[in-house]
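Please look over the sequence and the model below before reading on.

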Amino acid sequence: MAHRILIANRGEIAVRIIQSLKELEWESVAVYSEADARAVHVKAADHAVCVGPPRALDSYLNQDRLLQAAKESGADGVHPGYGFLAENAGFAQKVLDAGLVWVGPRPDNISFMGDKLAARKKVLGAGVPITPGSDGPVTLDQALATAKKIGYPILIKAAAGGGGKGMRVVRSDAEMKEALEGAGRESASAFADARVYIEKYMEHPRHIEFQILADKHGKTLHLYERECSVQRRYQKIIEETPSMALTPKLRSAMAHAAVEAAQSVGYENAGTIEFLFSEGKFYFLEMNTRIQVEHPVTEMTTGIDLVKWQLKIAFGEPLTLEQDDIKPRGHAIECRIYAEDPLKNFLPSPGRIALVREPSFSNLRIDSGIASGSDVPPFYDPILSKVITWGTDRTEARGRMLRALNEYVILGVATPIPFLADILNHPKFIAGDYSTHLIGDHFSKWAPTASKEEQALAFGIASALFASDGGTQRPAAVSAGRGMAPVWETIGAFRHGEGK
Amino acid sequence: MKIRFQFAGQPIECDLTRDGQKHQIQTPLGPMSGNMNAENDVLTVEADGKTLKVPFARDKEKLFIHLNGKVWEFTFIEPGFGSGTGSEKFDGKLYPPMPGNIVKVMVAEGDPVEKGQPLLILESMKMEHTVASPAAGKVIKVAAAPGMVAELTKPLIEIQIAE
């Protein structure tokens, strides 16, 4: 039966979910804030509903309005994507109470694993190792006492956390107060929960996670690992599978632990068990009870559409796969493209995208929420798109990624594309020998390089282009920023006029 | 003709002569010459026996070009407008580095500040950023308050720079 799913999200993940809905021949309902009226995900969906003013709290986090939009549009299910309300058990419950299907784990799964502290206790009980840390949320005094017990450096983490928000490394008592306050504020803003706790901070860990799929009929499968150690601001920026760090024996032990951890809470739907990996040992970090940003690398190597399974599982279908059917092939790499400036400490760079040109060749996938003329509002997470390449081996996947990055044109907002290319060319990355500190240790003073000849060429080109329109944009000027917009708007108006 | 623009905060002056598509340009880093022809959003450059396709875009006074996998951003300086130098120099007015919400203000009018001292915390795209003082001096005006939306064109704090 064809269902109609409201996507309580925006940007590339909303577009990604629409793709799976199309494959299932189900209908999509996009929601958008007033700042996103012209956004790509709105045009890609079968139906679209405005849910409020630009601020996330007034729109994408406005639960009552989202439920109302689901009712108005005749949706029978809600997919939350990642971020926003994806890991909000209260919202999941409200969706169920409204008689709709929640495309995600049960609310009790979310609240259990969403409470990082309860999750740590639970999986420890199931025999899965965890990092040393505080037993519960901490006040300043308790934080100082815990730090004394486990030793600096420590990591402050949001109890409701994820995605690096509300996280701070603390290396001395003196830094504790400001770090606790900052993490608390960021956590309250991102998750509406200011509780933070403390974990031992490992100096050179790798971050390796396992994908889980579990149906409502007791079957739990893993889809192997993703290596997510290339991070900045505690946020992943390059992911790959398989991990260069794992032996077949370790891989199998971690996969087993991941399945155990998921089963310990009777987990349903897609989820990810994150591990820290250090000196041959692994520690449960947390479970992400949602689709991950980096899920495409798993899809590329296994050939399994995770979002499609999320949807089918939510509507009660049993997994028709067996563990032995899941045989990853080759190697996949993902690079995340954010609107941010690597030269300014990765400061977000909201604005208008003047021009986008995507590379296109075989074994390349781009999940994107932008087009020429798109606005990147300052109100939301700055992710623009993701580039994913596959190869029969890592060298081939890496080579394709370098080509894709070199050909990917995004003009108007700063992106880390040249930065990503330089990481892929670093000997440590090439050798697969890196930790979460790769960027901090080797790229803190990074700047793009250009020869004198290349600079002269760029200056010459700039002079010629400025000269062609007198430096100011006149109507007749050869100008993508201005010239493209009216065409794009016309197409938009035409599509809206079709009256779906 | 002289063309002046800014690149990475530096004023650049080039001298351009053209005859149809043929361009000859003196840049501060040496001469550049070749055939250049813009069509829609791509400039075709024939120089040194090679042909390059250079995507570009204009946004008001800004020009972006994509060359060898890198984006170059230029800002046009109008002829006769200002000195063309030093426009990036801190003049005491502190503008936000990006639009966002002001979370916390750590200084008040009359406070002495050191270079690099945190002045306020700005939140944009769910991340907090500390804005530090670019110079030592005294705070003479605070136009920022928690909860306020910071706009790129409005100074948040004014500092009397110490001599």
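What follows is a guided reading of this structure.

This is a predicted model, in which local features need pLDDT of at least 70 and side-chain atom pairs count only at pLDDT 80 or more, while totals for chains, interfaces and linings use all residues. Residues are numbered from 1 along each chain as its sequence is written, with chains lettered from A and ligands numbered from 1 in the order in which they are written.

Chain A holds 17 helices and 22 strands, these being DSSP runs numbered from the N terminus (helices H or I, at least four residues; strands E, at least two). Its radius of gyration is 23 Å, close to the 23 Å that the globule rule gives for 500 residues, so chain A is as compact as a globular protein of that length; the radius is taken over C-alpha atoms, and the rule is 2.2 Å times the number of residues to the power 0.38. Of the 500 residues in chain A, 54% are buried, meaning that 20 or more other C-beta atoms, placed from the backbone, lie within 10 Å of the residue's own.

The largest nonpolar core has 157 residues, and those with the most contacts inside it include Leu6(A), Phe275(A) and Ile65(B); such a core is a set of buried Ala, Val, Leu, Ile, Met, Phe, Trp, Tyr and Cys residues joined through C-beta atoms within 7 Å. Helix 16 (residues 452–468) of chain A gives the most to this core, with nine residues.

Between the chains, 53 residues of chain B are in contact with 55 residues of chain A, contact meaning C-beta atoms, placed from the backbone, within 7 Å. Strand 6 (residues 50–59) of chain B supplies the largest share of the side of chain B that touches chain A, six residues.

Conventions. A residue is buried if 20 or more other C-beta atoms lie within 10 Å of its own, exposed if 12 or fewer, and partly exposed in between; C-beta atoms are placed from the backbone. Two residues are in contact if their C-beta atoms, placed from the backbone, lie within 7 Å.
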